[in-house]
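Hi everyone, thanks for coming. Let me put the structure up, and then we'll walk through a few spots together.

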Amino acid sequence: MLKGHMSHMHWQKLTFRKVAYSILGIYVLITCYTGFHLLSRKLQNEFKQKIIQERIKTLSEIADDPDWNPWGEEFESEQRPLLHHNAPALWEAQQMEMGAQRAPVAQRSPLERRVSNRTESTEHIVEIWGKAAIGLYLWEHIIEGILEERMNGVWSYGEKSLSSISFRFRTGPGVVPSKVPRSTENLLLVLNGRETAKVEVSKMWLELLVTLPHLHNAAVVLLGNEQCNNSWIHPYMAHNGGLVKVVFLVYDSPEIDNIHFYQWPLGVATYRSFPNVKSSDVQIDQRRQYLFNFLGTVYKNSSRETLLCQINNSSYTNLGFIKPRREWMPSETEESREEYVQVLSNSELTFNPVGLNTECYRIYEAMSLGSVPVIEDVLTPGLCQARSGDSHFFTSPLRLLKEFNAPVIYVKNWTQEIDLLLHKEATLSDLERRMRRKTLVEWYSGFKMRMRDRLVNVLLSTFFTSSVR
């Protein structure tokens, strides 16, 4: 009996020892796994930071290459002025006036300038770094800011206070990660996402954000893809774990929800130095030479080819100005640009057949000069349409123009509608045409103001919620 009792105690002792060793083994395994996980996470973060730093270094090194141009084909000619050109006679007075008002050029680099026109009521500073040509439309046409050039346009800088925000705009090839202010707290990046090469550069800038030690708020003005494929930016959005709180997006993308994504106008072709036209400089009362115009690239089997054929067969052909070309050209000569501006400013209508996207620069350029855009209201291939169920949005395409009731003319079929349209236009009186021009120019001026207000209000509510009264 004693032997059986001792055997039982020995079995209990062995069982306890096994349990203890098992617990110890599990503890060791958990400790090793936790240590491995933490070490792996640390190495992954270090690797990610190294990649980001390498990309930033690449951007900085590229910027030092005199042959590199971050604007791509939009600024292929480094020899011509970056921001301004000799305007046609219609705007000479305007340019002289701007020249008289321009502030003296600072002795320091524009990237190091201090705010000189900040008022008592200004509470917040928002940096705008323009890395796409639409940044010039944002700054000069929407915000109506003035730019100071340095080093023949390598850097350009401007300041403008709106509401309780003091904007500081920086643009040009010289704006690279190694030169931008590290103390930036609130940032609006202007990026190009139109094609793969531009997207890769834009990603580099977005990955720079995590390296800015004082950054609190980030937003983006994005020139989207013409087929509205912009999914690459989703991981950078704050609601997906990124740092970008809001995007102002060009084209009728399905992302537009007026929460995280707001639609933004394409605007005029600043990369071709289209002038910033004041509404007061448009000749409203002067009789125009042409009933209509079309200057543009005609692609084979496109609606542009259909339009051209219809015009050539119309009895109103001699009342318009038609100058097609068969190959797209990324830049203009001074002569071709002046001709384009003068033709638009002397035309009642400007035809806008679709290209890769329904929205094109010509729409805004025509409106700025008082020439009514005739727009082909059809969807182009891709994702550019409202999501199913978004009935509160206006019908694609051109939702933004429809939202603000732009005084333009929409057509669905050039073959069926062009003759009726031209016949109606030919019967309008001079008074009717003058009144329409006045309405169009005033609408476009007001539209830019509303876009400016939208930008400021969204930034206030998104960046500085407590500041909104």
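So, is D377 buried or exposed? D377 is buried, with a relative accessible area of 9%; buried means under 20%, exposed over 50% and partly exposed in between, using a 1.4 Å probe and protein chains only. Quick caveat: this is a predicted model, where local features need pLDDT of at least 70 and side-chain atom pairs count only at pLDDT 80 or more, while totals for chains, interfaces and linings use all residues. Residues are numbered from 1 along each chain as its sequence is written, and side-chain values use heavy atoms, leaving out hydrogens and water.

Now, who does D377 pair with? D377 makes a salt bridge with K412, with the closest N and O atoms 3.5 Å apart. By salt bridge I mean a side-chain nitrogen of Lys or Arg within 4 Å of a carboxyl oxygen of Asp or Glu. K412, for its part, is exposed, at 51% relative accessible area.

Next, E425 and R436: their side chains meet in a salt bridge at 2.7 Å, N to O. E425 sits in helix α9 and R436 in helix α10 (residues 430-463), so the pair ties together parts 11 residues apart in sequence. Helices here are DSSP runs of H or I, at least four residues, and strands are runs of E, at least two, numbered from the N terminus. E425 is buried too, at 3% relative accessibility. Shared partners also join D377, K402 and K412 into one salt-bridge network.

And across the whole structure, the search finds 15 salt bridges.
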